[in-house]
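The stops below are given in the order in which to select them.

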Amino acid sequence: MFRSRCWLVFTICLLPAALLSSAVRVMLRETSVEAIQGDSVVLPCSFFTISPLSRLSIIWTMTPLSDPDSPAQVIVFDHGQVIASPAFTGRIAFTGIPWSADVVLNRTRVSDAGVYRCVVSNPPETGDPGIGELSLTVLAPPSLPVCLWEGDTDAGGSVTLSCGVAEGVPTPTIRWEKLQPNPIALPTNMESDMSGSVHIANVSSQTSGLYRCSVTNLLGSQNCYINLSVYSPPHSTPGILQGVLVTLSMAVVLLALLVLVLWLHRSEQERKWRNGREEAEEEDECYNEIRYTPSLIKRSFV
């Protein structure tokens with residue numbers, strides 16, 4: 001009985017000291033949050049303290065994914081005052097201060113993505129401040145890609161078509177295809193996560209046409225186009241020259257034959273005319289002989 005009372009007194013005496021020496025505890029309902037660019041998102045942070053909240057201090061920091069060694073303050077609550085970073089001014093606010101450390105971030109941007117840390121302290125509580133971390137991912141559709149080409153567009157040359165996109169979360173897929181005159185998918189060389197190209201060697205007139213680059217992720221798709229024209233010089237091969245020469249030779253031969261036929265026809269007409277004239281003269285001579293013969297006979301009788 002005496003021993004039980006001693007343990008009870010000892011526990012009651014130690015309980016206030018234990019409570020006073022306990023640190024602030026921070027609890028996060030989620031450790032990973034997603035938002036679509038332009039929407040609002042709540043970054044949750046709950047805490048437990050046994051001391052009055054008159055000296056409560058809450059600090060939110062953000063570490064960009066691109067620079068994990070450079071955390072920066074986002075918003076601070078200290079001695080009843082709220083101070084927001086210039087990059088977040090007008091877009092971030094506490095939702096339930098001082099009972100909650102939750103903040104709401106409005107008009108989210110892709111640059112808002114990173115690791116957020118909620119740090120809560122409440123003197124006179126001793127010990128380290130309560131800390132909670134969560135990651136924020138801001139999803140965004142692909143931005144409008146930029147299409148470029150470089151190379152030699154003369155027949156036999158080589159051309160490279162490139163396509164780059166500045167923004168898109170998750171990382172968009174890049175695909176090249178030829179639309180006209182004959183649709184065909186082209187193998188795309190990924191130069192980086194946000195750019196891809198197509199190399200076309202030994203181009204010809206068949207290479208000419210409309211090409212499209214498509215960038216796509218879960219939130220949408222964007223396209224850019226290149227109208228490629230390959231210059232093919234006129235063909236001047238020996239075969240064509242020989243064909244032209246043969247054609248000209250045949251034309252000359254036909255013309256000569258036509259002239260010959262006309263000459264022969266005219267010669268024949270002249271011959272017939274001469275023969276007709278000779279026959280006419282012979283007939284006249286015969287008629288004259290016949291006409292003079294009776295007169296001779298008459299004279300002989302006399």
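Select Arg-107, which sits in the loop between E9 and E10; strands (E, at least two residues) are DSSP runs, numbered from the N terminus. Its phi is near 50°, a positive value in a residue other than glycine. Arg-107 has a relative accessible area of 48% and is therefore partly exposed (buried is under 20%, exposed over 50%, partly exposed in between; 1.4 Å probe, protein chains only).

This is a predicted model, in which local features need pLDDT of at least 70, side-chain atom pairs count only at pLDDT 80 or more, and totals for chains, interfaces and linings use all residues. Residues are numbered from 1 along each chain as its sequence is written, and side-chain values use heavy atoms, with hydrogens and water left out.

Next, go to Asn-202, in the loop between strand E17 (195-200) and strand E18 (209-217). Phi of Asn-202 is also positive, near 50°. With a relative accessible area of 58%, Asn-202 is exposed.

The peptide bond joining Ile-97 to Pro-98 is cis, with omega about 5°. Move on to Pro-124, between strand E10 (114-121) and strand E11 (130-139). A cis bond joins Pro-123 and Pro-124, with omega about 15°. Most peptide bonds are trans, and most residues other than glycine have a negative phi.

Last, look for aromatic pairs: rings of Phe, Tyr and Trp (its six-membered ring) with centres within 6.5 Å, called stacked if the planes are under 30 degrees apart, edge-to-face if over 60 and tilted otherwise. The count is one. The ring centres of Phe-77 and Phe-94 are 6.2 Å apart and the planes lie at 75°, so this pair is edge-to-face. Phe-77 belongs to strand E6 (residues 72-78) and Phe-94 to strand E8 (residues 92-94), 17 residues apart. Both Phe-77 and Phe-94 are buried.

Note on methods. Helices (H or I, at least four residues) and strands (E, at least two) are DSSP runs, numbered from the N terminus.
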